[in-house]
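Dear colleague,

Here is the structure I promised to hand over. Please keep it open while you read the notes that follow.

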There are 2 protein chains.
Amino acid sequence: MDQYQPTPPRSPPPALVDGHASNGEKEELCQEAAELDAILRRIHTMAVAFVQEGKQSKSPVVRALSPSELAEQIDFMLPEGGLGLEGIWPLVDSTLKYSVNSWNPRFMDKLYASTNPIGVLSELLLAILNVNVHVYHVSPVVTMMEIQVCKQIGQLIGFGSHAGGLVCPGGSASNLLSVITARNVKFPHIKQASSQEGYRRGEVLTMFTSAHGHYSVDKAGMAIGIGTNQVVKVPCDEYGRIIPSELERCIQESLHRGETPFYVNATAGTTVMAAFDPFEAIGAIARRYNLWYHVDGSYGGSIIFSEHAASMASGLAMADSFTINPHKMLGVPLQCSLLIVHNQQVLCEANAVKAGYLFHGNIYDLGDGGIGCGRRGDALKMFLAWKYYGAKGFGRRIDRSFELARYFANALGHRSDFCLVGPNGTINVCFCRVTRTIHARVNHSGEFQIDHAPLPGKPLFFRIPMHPAIHERDIDALIDTISRIGTTIDEGSLD
Amino acid sequence: MDQYQPTPPRSPPPALVDGHASNGEKEELCQEAAELDAILRRIHTMAVAFVQEGKQSKSPVVRALSPSELAEQIDFMLPEGGLGLEGIWPLVDSTLKYSVNSWNPRFMDKLYASTNPIGVLSELLLAILNVNVHVYHVSPVVTMMEIQVCKQIGQLIGFGSHAGGLVCPGGSASNLLSVITARNVKFPHIKQASSQEGYRRGEVLTMFTSAHGHYSVDKAGMAIGIGTNQVVKVPCDEYGRIIPSELERCIQESLHRGETPFYVNATAGTTVMAAFDPFEAIGAIARRYNLWYHVDGSYGGSIIFSEHAASMASGLAMADSFTINPHKMLGVPLQCSLLIVHNQQVLCEANAVKAGYLFHGNIYDLGDGGIGCGRRGDALKMFLAWKYYGAKGFGRRIDRSFELARYFANALGHRSDFCLVGPNGTINVCFCRVTRTIHARVNHSGEFQIDHAPLPGKPLFFRIPMHPAIHERDIDALIDTISRIGTTIDEGSLD
């Protein structure tokens, strides 16, 4: 038996004044433990107050300041001599005061919102562990969590019992890793040999993605050196979904140009319209032309946890790889992104360069399958949230997002002064109303934080993602606010 | 005047039992704030106990278990129904119990160690903010912190008043971004046009790095599609430093083969020997051949804060870009990596694809300069640590690492049963002693966690990085432990 005892449920250590223990328990705490104790004691109150403020309907989402105004409120200059603990608190206070409070349900700007208490706990745990998941022996528990999270997500989408994957630092990184993996699997010589060799063989690589797909796929094409022109944008239907026959046409045109199509990206939840591509039809085409089939579920991939949304996920099992960002719809803290494949070994076989000082031959050393070396243990955050809420709890969050979007679209449908953009039925609500000017005034007021978005051939419009923390009354209030500000604007002269 | 008041220095909110407030203040707290309150109250004690355990000389660095043994202790299966808050605590307890305790000064395995109390505070603050630094308007304060941290690091190394940079998710990502930026600056047509165009122009791109350089430079060469064979390894001297005349010979051979050299990577603190390349001499060669000059300071770049180590940093100002990971020598929590350039605009000009839904034209929107989209606000962690310790405090940490390494090398020099590998004078200590077997036994015992490393042409040896939290008594104990275990091993039959 070893010496470890679970933490006894006693009260916290004694209060500390100016960094020193105020009573006889001082000896018990080493200096760093005592300092951590003092810090946690103080931030506790501030953190709870910040969340409470976010939940109060009268509090601003943000006190919007320009960079120069902000620099008048906070001293950003970094000193020669340290300020110590007491010098830090005014800064922590200002950081909270002037940051966006994403716990506020009227933060509707981006595809994420606040995290939740279990999310904060997870980050605190990661901070204390300061864990690096490059190799098993320095991160045994979190490595096992990563393996399990990837395996069970893979099984949910039908990738089978060998499913696995890797934590990546964001959806763009997951997508980039899918592209590099695809290229290295299909053209292993490019891993080592100069691409000149590849070009001698006539390999002009071409990728395909939706005209509504995320720009990270373009960046990946740029990064791997084939150029963004070789990332072909497939036309979409009015719902923002890839038209399968158009995909096939694009592939055939590429072949006709003498190129080598190798990769197609479909999207589960596009950034602007939250469209879900027809995964089965695209999968059939990918098989026919022997393309690596990736599904970018950075935004909407989390619908796999909802029974009600299951039909939108149909066909995901045909994909070779799948990106999911639990930091968006599921409220896991930023960032938590996973690239899932049918067999975890594929990643190492495709990407390893086997640095001898780090990797000693343990198959649980996941790090060599990615692009990075040191990796944050972000899987822990998804693992704890899953244990806490269960797959069913995640599913209820997803269902709530769809319910709110239906409510919102329905409310707009009854107003003559708004026009919906595109058909609905998914988790973003898009609509027009002299957008640019209203956007600036709404956001500056701090009442809401919302965003506008473009689509080719359409005027600028609002794009509001439906985070499950939003309430119907927030939606009503947003419509009223936009309507009120809109009546003060001369529509002819603006936007 | 707005409504915000700095958090009053009152005691924490009332204790909660089973998620419900136990007294009349219940109404005051929204449900999420109450839950966060309960969670912080409980993790507080566990966190402080974990740090205390790490600092006790008899406590294990890790209770080393194999994956299957660990799976007997922790239920890694993820449930359909949620366990809720009470179900989480045994898991949190086990996670702490079976993870590596990097607060223990006898964790000497990797180039990082524990963070510190201000680091934990920083991560907690990031968790509460759940901040994404892609664009200014959703992350005003942290964006300003990122700009300031990058600017002042740039100024420290002589990059001038326009210096800037970007937070990247780790040193490998920073190095990869330097490679992509270099290629896009020097060959802007490759950004869009098929590389076939490039190859028609005769561009077979070649990169140069140290034979002792980090494998992320190989991975970057693989990622951008030039292949690892086009990443030329320059021979090093006995200190592990690039030999400048060898670099010039390699460049000339590449030119002779008709290639296009475009990038050279020097290292400030190589992974194994912690060597610092001769930056001025390499800079002169880079200028002569018009190469992008990058310095990978992922490990040792933090010496820029030390006056005593200034001579090792001489010539950094000649670099075009510089990677620094404050999460290694400076104890900022994993991960915190920055790519620094002479002018922040260079990154956006080189890498932007200008996604319209995200970027509305604000030059403070840093995100488009990188490869990713969403980004963690890791700069906040460096910012707070810098305010707390000051540049001078960082410098003292660096000096302490050098002091410990001198002590260690000196102690080994007096022992006939150890042999030092390579000359010393830097922050890793490398030595031989029937390495593989001793390594396994030492790490399994939990007394220390240490690592071994290879170098071409040398037998396996130990590589011990000197984290400033280590004490001389830990070094003495490590030497004794290795010596004791070594006497029990038949040297002829092993390693």
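Two strands are said to pair if DSSP finds at least two bridges between them, while helices (H or I, at least four residues) and strands (E, at least two) are DSSP runs, numbered from the N terminus. This is a predicted model, in which local features need pLDDT of at least 70 and side-chain atom pairs count only at pLDDT 80 or more, whereas totals for chains, interfaces and linings use all residues. Residues are numbered from 1 along each chain as its sequence is written, chains are lettered from A and ligands numbered from 1 in the order in which they are written, and side-chain values use heavy atoms, with hydrogens and water left out.

In chain B there is an open sheet of 4 antiparallel strands, in the order β10-β11-β13-β12. Its edge strands, each pairing on one side only, are β10 (419-420) and β12 (451-453) of chain B. Between β10(B) and β11(B) (residues 428-432), which run antiparallel, there are 2 bridges, and Cys419(B) stands opposite Cys432(B) in β11(B).

Turning to chain A, the UniProt annotation "modified residue: N6-(pyridoxal phosphate)lysine", from an unreviewed entry, covers Lys328(A); UniProt positions are given in the numbering used here, feature names are shortened, and annotations may be inferred rather than shown by experiment. Lys328(A) lies in the loop between β8 (321-324) and β9 (337-341) of chain A. With a relative accessible area of 14%, Lys328(A) is buried (under 20%, where exposed is over 50% and partly exposed is in between, with a 1.4 Å probe and protein chains only).
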